[in-house]
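Keep the viewer open as you read.

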Amino acid sequence: MSFNLLVFIKQVPDTQNISGDAMTPEGTVNRAALPAIFNPEDLNALELALQLKDRYDAKVTVATMGMPAAAEVLRQALYRGADRALLVTDRALAGADTLATSYTLSCVVKMLGNVDLVLCGRQAIDGDTAQVGPQIAEKLNIPQICYVEEVVSLEKGKITARRAIEGGYEVLSSPLPALLTVIDCNEPRPENVKRIMKFKRARSAGEISMTCKEDPAKAEEIKKALEAKGLLIEEYNAAAIGADPSRIGFTGSPTKVKQVQSVVLTAGDAKEVAATADGISELMHELISDHTLG
């Protein structure tokens, strides 16, 4: 039996390279100030979907919401084995919190229709809320299994998965369609050389328009050529997915950042201890005398 799998992925700023310009005055992430990467746990979700593709007759679609440059993570997903890629991009989507984001992504699921399984990374490193996946399931009114580390079986109308819990794991079964949030549970496969050669020229309409903004006619020519070769990444705006303008982007986001505070960690007093018996004895006496020990 064929299954339709949808994996939501995200291009995120590399939070290991935070600078003083990492936040905007409005309290949102200044994505232009940080290098962009594939959200780590979304890669785990993609790998799990590709494993299901290997085990069953499944089709893997990947989708992301973001600026035209976010098409880069879609290409990386195609390189790894995804069958179809969708970019949802619209200025009206900017500034979305988890509520507005999950609503937008739920509209994508409804637009596609006939989705058996939705997979998301547990959380994105630019927010660490772990809210978007469960909120999508709630808006779609479908079951969810969170913190998934393995799919035991996928059958007609039913999925069984193992999920991590504190101190162990539990195995749950759910009717389909369902949504999974996936933790760091596998080793994502590398990009396939043959698929890189096939999809390296894949572009979204927005990327092409930005590259050829001085020559719209050339942009249209490139779009038609890529579409003929199956290399035009599907692109949708808010209207195309049927999203309510009052529920998306900054307008549809009740979460507001009250204050952004920079925390600077400074080193305290340091003392070098000689690596000798006398040095250690002296240190122990000091710790005892100031009641750190004893």
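A residue is called buried here when its relative accessible area is under 20%, exposed when over 50%, and partly exposed in between, with a 1.4 Å probe and protein chains only. Strands (E, at least two residues) and helices (H or I, at least four) are DSSP runs, numbered from the N terminus. This is a predicted model, in which local features need pLDDT of at least 70 and side-chain atom pairs count only at pLDDT 80 or more, while totals for chains, interfaces and linings use all residues. Residues are numbered from 1 along each chain as its sequence is written, and side-chain values use heavy atoms, with hydrogens and water left out.

With that in hand, look at strand 6 (residues 117–121), where five of the five residues are buried. In a regular strand the side chains alternate between the two faces of the sheet. In strand 6 both faces are covered: L117, L119 and G121 are buried on one side, and V118 and C120 on the other.

What surrounds this strand? Two strands count as paired if DSSP finds at least two bridges between them. Strand 6 runs parallel to strand 1, joined by four bridges, and V7 stands opposite L119. Strand 6 also pairs with strand 10 (residues 178–182), again in the parallel sense, over five bridges; there L117 has A178 as its bridge partner.

Strand 7 (residues 144–155) runs parallel to strand 10 with three bridges, and I145 stands opposite L180. Strand 7 then pairs with strand 8 (residues 158–165) in the antiparallel sense over six bridges, with E150 and R162 as bridge partners. Two residues separate the strands in this hairpin, and G157 takes a positive phi near 80°. Strands 8 and 9 are antiparallel too, joined by eight bridges, and in their hairpin, which has two residues between the strands, G167 takes a positive phi near 85°. Y169 in strand 9 stands opposite A164. The charged end of R162 sits over the ring of Y169, 5.0 Å from its centre; such a case needs NZ of Lys or CZ of Arg within 6 Å of the ring centre and within 35 degrees of the ring normal.

Two side-chain details remain. The structure holds one aromatic pair. The rings of F3 and Y56 have centres 6.1 Å apart and planes at 80°, so the pair is edge-to-face (centres must lie within 6.5 Å; planes under 30 degrees apart count as stacked, over 60 as edge-to-face and the rest as tilted). F3 is buried at 3% relative accessible area, whereas Y56 is partly exposed at 22%.

Finally, find N39 in the loop between strand 3 (36–38) and helix 1. N39 is buried, at 0% relative accessibility, and its side chain reaches the backbone nitrogen of I125 at 3.0 Å.

Definitions and conventions:
Rings of Phe, Tyr and Trp (its six-membered ring) pair if their centres lie within 6.5 Å; planes under 30 degrees apart count as stacked, over 60 as edge-to-face and the rest as tilted. A polar contact is a pair of N or O atoms within 3.5 Å; within protein, one must be able to donate a hydrogen and the other to accept it, and residues adjacent in sequence count only if both atoms are side-chain atoms.
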